[in-house]
Structures are given as structure tokens and as C-alpha cells.
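Colleague: I have a new model open and have not looked at it before. Can you walk me through it?

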Amino acid sequence: MLWYKAWLETRWRFVFMVGMILFVWLTPEWITATGVHSGVPAARLWMAIQLGSVFLFIFTAIFLAGSGINTQGAYTFTPGFHGSMLFTLSLPVSRRRLLFVRGGLGALQTCILVVIMACYILHLRPEATSVLQTLAYLARTIVCTMAIYALSVLLACVLDEIWHVTGAFIFWIAVFLVQSKFDWVARISPLRGMSLNCYPITAPIPWAPIVASLVFAGVLLCASVLMVQRQEY
Amino acid sequence: MNLRINFASGVPIYQQLMEQIKHAVETGAIRGGEQLPTIRKIAEELTMNPNTVARAYRELEHEGFIEVRHGSGAYVAERGTSTAKAAGIRKAGEVLRPAIERGLALGLSESELRRVFEDELARLQDEAAAERRRN
Amino acid sequence: MNDIIIAADGLSKSYDGKPALRSLHLEVPRGSICGFLGRNGAGKTTTLKLLLGLLRRDAGSIRLFGEPIDSEASSIGARRRLGFVSEDKELYPFMTVDQTIRFTRPFFPGWRRDLEEKYLDLFQLPRKKAVPKLSKGMRTQLMLLLAMARGAELLLMDEPTSGLDPAMTEDVLQILADLAASDGTTIFFSSHQLAEVEQICDRVCIIDQGQVVIDGVLDDLKSEYRRILLVFDGMAPRELAGLPGVDHLRQRGRTASLLAHGDVDGLVERARSLGPTSVEVRPVTLKELFLDHVRGE
């Protein structure tokens, strides 16, 4: 019944994310449809959509993450721990399982939204996209988003809700700043790995950020498990 | 029975309960031979610990004031026999003690002595039964 | 069939170098209702959390149901057989009464549907109502229901009646009495309310500054302890403090108040030999026992 609980806990979050995505996505549609900014070249619009999409992937991954131990508010950031955490921890269930179920559901929700957004982006492309290109793009956006998600889960294990979200943003902003200075960071950065600006559809599959993201996510997942098991409540 | 316990008192609760039950019998609220409420009933009525009620019942039984019949509950011992029984038990102890001491002095172990006692008791009961059949 | 349901030995726990529990020793036998008393910060909640596996102990051992609790797996095994009611009775704010019950049920193979129905009926809990809309009394009832319907052999509670009105408090005590009577459930709860501990507990455990100072059957404690009040002509003699059996002594000028334990008659004899003008022996209440052991000299 942990999946049931995780769903009840996160469903409004999920709905909120869907709403936010729709809001962002409806804007270019509306803009193009009404031709209000008809002077804007298609290329620039496309770039804006790209950046927006990367931002949405990141935001989704950060917002939908949770540790499964502390009870999360629906759409509010609750400071400290919620009293029901004691109830959760007094149940005959391992902390690892609590983490996996909540983390798993959040990951599933994130992936679903990422896939929908990625498909929509491809739909906006003026050129046709082959099946292989579609799958390659979906795969790398999912994997790179999961790297971001894994960090958020780890932060959720140790920090209050508001700090885990803030902390995650700060981290990826730092990565964004660093990657323009250090080439090796740019080569493995998931932020670039999920962007069509850096790696266009027609380019070969960017293995470096994909592998780096998988390793990063794996390591952070192990760290999260160790973290929840060692924590004192 | 109208039982009232002062939980804040320095007097142990089980003792208070015992006193209250004895008092109930003395005033005739419950008579010899009548059944006492179950431990659970009293615990429920007074909102108190059932183990404490059980202890009160055990002590009363030990004093011979009540009888606990297996399966059917606790009953107030017949007024006359309760004191008589307690006295009888004391007397029997006095009578048996020298016999036990002599048995031990003869070099018998505790279990051997116990077996002798049981054998004699059984033989007496058989003789009594045989006597009843003859009559 | 193990007799001792909770056994803690040499249990120690520190937070940031400050000791919360010092070599605590505790034994709670099966079927008893044990009240866990202590001042704020004495270590009550820490002890409960250690029993539940929310904290890791620094030293000592814990046995629940006779099994040592030294890993998450053993803690989970114990948690299948016990129920916990926290102090603020918080449950999930995104669930209704019904959903909370449906969520909790599958964790316990021994879940008793009949008890669930019985208590839902008895408490008249509104099934479709969201948990945050419930009063504290109803939340307490719901938590009790969740703890009892799982067929728990042990009930651990942190201040179960805090925030409840007297009528509801009595209801809770009734349920505890009933549980102990019908299923032989062991109940261990921390409390500030001496009155309710006196009423419902057959055992009492007093903790002070991380150590257990009193642990025993309440009725026996009342039999074993006596207060001896002495008045002297001059200043109360210093020898009083050294007499055997004096658990606690308070001297003020010509009067002395002794908390005596054990051979009370012998102690009274010795006290008399010191020539008091008045000797009075009185029974001791739980409140006196508690205050004398936790207020320090």
C-alpha cells in the first residue's frame, strides 16, 4: 500500500506540474497561432522552446522528488518533519523500501512528463524525425533527467523540503556556470545532454553525458539508501 | 456491589478492593455462595487494571474468603465454612507437622514422603468408598 | 512464550555529547500496563524511539518479545507485533479515515477486521472525513484503532491522553483496561498524568536524568515505602541520613521527613532511638514517590 500512499501524497504535485507544463507549452502555440509576434524568426522561437524544455525537465525532476520518510505537503513546503513521519517509521517496513517506493513513483511521474514534453518538442520540429532519432532523444532526456532526479532524492533525504528544492537549483546553476568554463564538465553534463541545442537530433548519440548521468544517478541512489538507513529521527 | 477505589491513596489498590468486597459481604450486598462479578467486569466498571483485580481475587481465595471454580467464576465462600475452613486448614497443618518431621527423620526424601502421603490418602479414600457401598 | 516483553539493559544514548540515557535498565512483563513517568527531558521519548528503532543506541541491549533488536530486520520483526501511538497523534494529512485504515491494513497479516469494525462503530469515526479535519480526540481514537486492529501484543504510547478532555481520557483508559483484560496485551506508555497512571497501571517506571530510579508493581511500591515524619526537640540529628532504608530525607530545623524503603519497622526503631518528640508513619502516594525521586536534593 506504499504506492497508494505515495500516489495520494504526490498527486496534487503531479497535477500542478502538468498545469505548469501546459501553461508554458500553450504559450508558443498561442503565439504562433495568433501570429502576435509574427516578426520573430522560427529559429529563435525554437531556441526559446529548447531552453524552456530543459528548464521544465529540471524543474519536474526536482519538484517531484521525495525520500519517502518525511511526509510531504501537497504543494506547500513544510519546514521540519511532519508528525506523521513517526507513524511511517513505526510501521514494519524497511526505510529502503520507503525510499524506493516514493522515489520510484516520483521517477515514474517524471519520466511520463518528460516523455510527453519530449514528444511535443519533436512534434514542433519542422523536419520529420525518424523512429531511431526519436528513441535516441527520448532515451537521453530520460537518463539525463534521472541524474537530476537522483540528486533531488538524496537532498530530500537530508534536507527540509524548501532547502532540498533550493539546494538542487543552486547545484545545477553551479553546474551550468562551471560547464562553460571547464570543458570536461561540459562533455558529461546532463544539462547539455538533454538539450537539442547542444546535441541536435541529427547529431550522433552523445554517449558521454548518458553514461555519466547513469553513473551519477546510481551512485546517488546508493548514497540515498545509506543516508536513510543511518538517519536518526 | 458498590465499589469505590481511591486510586491516589497510599493504600495498595488490591487491598482496597479486598476490603470493599469483604465489606460487601458483611453488609449482605453479596451473600455466601453467590457469584462475584468477573475480573473483567470489575476492571471495566471501575476502569482499573485487571491484573490488580485478579490479585485481589487471588488473595481473597488464599484467605478462604472466596472460591474460584474453574470455568464458572468466583464465588463467595459460605460464611460459616470460610472461617471454619481456614481454621480447619490451620489445624490440619498442626496435626501433620510432627508426622512430616518423623518421616523426614526416618531418612525419607521429600518426594518419597509425598508418595507415602498420597498412597495413604488414596487408601483411606478407597476404604471410605467401599464403606459407602456396603451401606 | 516469553514473559518479559520489553527488556532493556545498560541502554545508553547521547546527543551531541550530552547523555540522554545512562545505562538504563528496564523490564516490562507480559500483560502488564506499565506507566513510564519522568520529567520533561528525562529520557522518556528517547527510550520509546530506541525501542521502535528510530534511534540507534550507543551501548546496551534491547529485547522485544524476547528477541534482541540489533538490526533493522529485527526491529521490523518487532514492529509487526506492536502498535505505536505518538504524542501528537499525527497521521497523513492527505488521507481520509478510510484511506488510512486501508493503507495500514496490508502491513499486518494478523489484522483483525472484526476489531476494526468494532472500534469504528464504537468511536463513531466518520469514514470519509479527511484526517486534518479530525479533532485531537478523534485522531487519538483512530491511532488507537490502527494499533489495536492489527492484533498487537504490545502497545507503546507517548502521552496517550495529552490534549484530551476528561471524558475522552476515561474512554481511553477503559479501552486499555479492556485490552489488557481480554487479550493480555502489554501496554507501556509515557505520561505526565499521575492520576491516570495510578488508576490504570499495575506497574510503574520512573526515569530521571536518563536512569530508571523506580521500577516495580505499583501496589508493592505502596506497601514497601512509608513516609516517616519526625519532630525533635533540637535540630534534627545528622545521623538520620545514614540510617539504612532511608531513600530520601528532607530536614528542616526540628522536623525531618524520611522516605523509607524496605525494613521500615527497623528504621522506625532506629529513628526512635535518636529521641524524637513525635514519630508518625504514613503511607506514600505515587505523587510523593515521583517528586522525591525526580526533584533532587
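Colleague: How far apart are the closest C-alpha atoms of chain A and chain B?

Modeller: They lie 27 Å apart, and no contact joins chain A and chain B. Bear in mind that this is a predicted model.

Colleague: Which chains have the most contacts between them, then?

Modeller: Chains B and C, among the two pairs of chains that touch. That contact takes 18 residues from chain B and 24 residues from chain C.

Colleague: How many residues of chain A are in contact with chain C?

Modeller: 21 residues of chain A, and they meet 21 residues of chain C. Helix H1 (2-34) and helix H3 (84-89) of chain A each supply at least two residues of the side of chain A that touches chain C. By class, that side of chain A has 11 nonpolar, seven polar and three charged residues.

Colleague: Staying with chain A, how many helices and strands are there?

Modeller: Chain A has nine helices and zero strands. Read along the sequence, the pattern is α-α-α-α-α-α-α-α-α.

Colleague: What is the radius of gyration of chain A, against that of a compact globule?

Modeller: Chain A has 19 Å, which agrees with the value near 17 Å that a compact globule of 233 residues would have. The C-alpha atoms of chain A fill a box of roughly 60 × 40 × 30 Å, taken along the principal axes.

Colleague: What percentage of chain A is buried?

Modeller: Buried residues make up 38% of the 233 residues in chain A. As for the contacts in chain A with a separation of 6 or more, 74% are accounted for by residues 24 or more positions apart.

Colleague: Over to chain C. Into which domains is chain C divided?

Modeller: Domain 1 (4-218) and domain 2 (221-294). Their centres, taken over C-alpha atoms, are separated by 36 Å. The contact between them takes 14 residues from domain 1 of chain C and eight residues from domain 2 of chain C.

Colleague: In what order do the four strands of the open sheet in chain C come?

Modeller: The order is E2-E1-E4-E5 in chain C, and the pairing is antiparallel. Strand E2 (18-29) and strand E5 (67-68) of chain C are the edge strands, and each pairs on one side only.

Colleague: How many bridges are there between strand E1 and E2 of chain C?

Modeller: Eight bridges pair strand E1 (residues 4-15) of chain C with E2(C) in the antiparallel sense. Ser14(C) stands opposite Pro19(C) in E2(C). The two strands form a hairpin with two residues between them, and in the turn Asp16(C) has a positive phi of about 50 degrees.

Colleague: What about E1(C) and E4(C), how many bridges there?

Modeller: E1(C) and E4(C) pair over five bridges, in the antiparallel sense. There, Ile6(C) has Leu64(C) in E4(C) as its bridge partner. Leu64(C) also has a bridge partner in E5(C), namely Glu67(C). Two bridges join strand E4 (residues 59-64) of chain C to E5(C).

Colleague: Last topic. In the largest nonpolar core, which residues touch the most other members?

Modeller: Leu156(C), Leu176(C) and Val204(C), out of the 109 residues in that core. Leaving aside its neighbours within four places in sequence, Leu176(C) is in contact with Ile33(C), Ile187(C) and Ile200(C). A second, separate core has 47 residues, including Val114(A), Cys144(A), Cys157(A) and Ala212(A).

Notes:
Residues are numbered from 1 along each chain as its sequence is written. Chains are lettered from A and ligands numbered from 1 in the order in which they are written. This is a predicted model: local features need pLDDT of at least 70, side-chain atom pairs count only at pLDDT 80 or more; totals for chains, interfaces and linings use all residues. Two residues are in contact if their C-beta atoms, placed from the backbone, lie within 7 Å. Two strands pair if DSSP finds at least two bridges between them. Domain bounds come from an automatic or database domain assignment. The radius of gyration is taken over C-alpha atoms; the globule rule is 2.2 Å times the number of residues to the power 0.38. A residue is buried if 20 or more other C-beta atoms lie within 10 Å of its own, exposed if 12 or fewer, and partly exposed in between; C-beta atoms are placed from the backbone. Ala, Val, Leu, Ile, Met, Phe, Trp, Tyr, Cys and Pro count as nonpolar, Asp, Glu, Lys and Arg as charged, and the others, Gly among them, as polar. A nonpolar core is a set of buried Ala, Val, Leu, Ile, Met, Phe, Trp, Tyr and Cys residues joined through C-beta atoms within 7 Å.
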